[in-house]
There are 2 protein chains.
Amino acid sequence: MRVLLGSGGFRSEQRRENLRDEMQDFFGPSVSTILFIPYALHDYDAYLAAMKQNGFDGGYELVGIHEFPNAKKALEQAEAVYVGGGNSFRLIDTIHTEGLIEPMRDLVKAGLPYMGVSAGTNVACPSMMTTNDMPIVFPPSFESFGLVPYQVNAHYYGGQIWVKHGEEFVEHFGETRQDRIREFHEMNALPVVGLEEGAFLRNENGRVLLKHGSATLFRVGLDEKVLDSGFDITAALKG
Amino acid sequence: MRVLLGSGGFRSEQRRENLRDEMQDFFGPSVSTILFIPYALHDYDAYLAAMKQNGFDGGYELVGIHEFPNAKKALEQAEAVYVGGGNSFRLIDTIHTEGLIEPMRDLVKAGLPYMGVSAGTNVACPSMMTTNDMPIVFPPSFESFGLVPYQVNAHYYGGQIWVKHGEEFVEHFGETRQDRIREFHEMNALPVVGLEEGAFLRNENGRVLLKHGSATLFRVGLDEKVLDSGFDITAALKG
């Protein structure tokens, strides 16, 4: 299986360059068209147009799955697939409605290259439970594609956050990401990769490589472990 | 109906004093024991002990609903109820499992004073959809007590957040609260009150008073509206 998972937050020129390089290296020159799944945002056409306009297409032709009369058939005919970010609840709801869970699993297992960013990364995991998104719709299930055997928390950061009141930074006391992931582990056993903005997890030939940024690994009963860019995290994920 | 909704974030002496004052003013001298619902955290006994130790009991005797053999009966016999914060998904899951939705609605309608903080505020709304929490369990429904006819986003702040890398503040590019609430309004019509940490919404005699902090009101098709402490927001909530 070949699965490229991005955290999102491509707001600097360097990060956008990394995204482009990573896409070209991952999909390669034999792919020409990528099927884009825009279900995480409200307006699919606007989303697809913005992807092209912002250069988030990596130089490939993106076609929206919503432009086909049948989503399942569009997926079956795709050379490669890219699931974009937005709201994970809305995304998984539509994935279930369109009946894409099993077909995606089978196709990616058979070699279809899968790329996800942010919400698109969440739904590549066994469940979408480690999302940061707001529940804006009640999906039939949190079950997701399960293309990788671990969970990802995208847009990860450690510690408290700060908000700006005028020019002053004020500490905010909501739960930290560490709190949230610890709560997840009170009820679930899968390892969680807290993936910093701009970073990627490249899953290929049974190995998982961390690229373009750091991550923090959370495993039940073990201390959290900070991972540097370039690290092969395959063994660490196993315990 | 008498419903006191807190945002949480009681980390300063001033905020803790406001909490105590507000509880004493809301529950009054005739209440002696408050039934505490600790379902949002993993360890109910530890939660109850911490509430007392941190002085979050407002000078009242708190008894945990989990200490009774039957949760529904405990609720029926309560003088007052306080639903604590933590993870809203875990909270609503247990509320449904224990069959408390209808009994709580009926009892609060009949005069039982309800206080909620953070997750306990989310579940007082028609649904828990405007929570910030991580989905760590799949509840049977997002439907909540519906004691007030609007949604609350607790621990609210406006704009982007910053994280600290050493001594340096680094901007974070995940969705803002405004983004998330706008997404909620793409699929739902209820007004949302973004309630800042330390603030309360006091619902009494059909009126809603904002206390001890600011809030931002979001309504479909209208600009967001910043509300100051002390403001009677009853009319604004109606459109």
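**Strands and symmetry in a predicted model**

In chain B, Phe36(B) has Tyr82(B) of β4(B) as its bridge partner.

The pairing of β2(B) with strand β4 (residues 81-83) of chain B rests on three bridges, and the two strands run parallel. Strands of a sheet pair through backbone hydrogen bonds, and the pairing can be parallel or antiparallel. Strand β2(B) also pairs with strand β3 (residues 61-64) of chain B; here there are four bridges, and the direction is again parallel. Within that pairing, Leu35(B) has Val63(B) as its bridge partner in β3(B).

Is strand β2(B) largely enclosed or left open? Strand β2 (residues 33-37) of chain B has five residues, and four of them are buried, so the strand is largely enclosed by the rest of the structure. A residue is called buried here if its relative accessible area is under 20%.

Chain B also holds an open sheet of four strands, in the order β6-β9-β12-β13, with mixed pairing. Strands β6 (151-156) and β13 (225-227) of chain B form the edges of this sheet; each has a single partner strand, so one side of each has no neighbour in the sheet. On average, neighbouring strands of the sheet are turned by 25° against each other, with direction ignored.

At one end of that order, strand β12 (residues 215-218) of chain B is joined to β13(B) by three bridges, and these two strands run antiparallel. Leu217(B) is found opposite Lys225(B), a residue of β13(B). A helix accompanies the sheet as well: α7 (residues 177-187) of chain B lies across β6, β9 (192-196) and β12 of chain B. The helix runs at about 165° to β6(B).

The last step is to compare the chains. Two copies of a chain are related by a rotation about an axis and a shift along it. What rotation superposes chain A on chain B? The rotation is 180°, with 0.0 Å of shift along its axis, and the RMSD is 0.0 Å. This is the relation of a two-fold axis. Of the C-alpha atoms in chain A, that of Trp162(A) is nearest the axis, at 2.5 Å from it. Of the interface residues of chain A, 100% are also interface residues in chain B, so the copies meet through the same surface.

Notes:
Residues numbered from 1 in each chain as written. Chains lettered and ligands numbered in written order. Predicted model: local features only at pLDDT ≥ 70, side-chain atom pairs only at ≥ 80, totals over all residues. Heavy atoms only, no water. Pairing = 2+ DSSP bridges. Axes fitted to C-alpha atoms, helices over the stretch in contact; angles between N-to-C directions. Contact = heavy atoms within 4.5 Å. Least-squares fit on C-alpha atoms with pLDDT ≥ 70 in both. Buried < 20%, exposed > 50% of the residue type's maximum accessible area, 1.4 Å probe, protein only.
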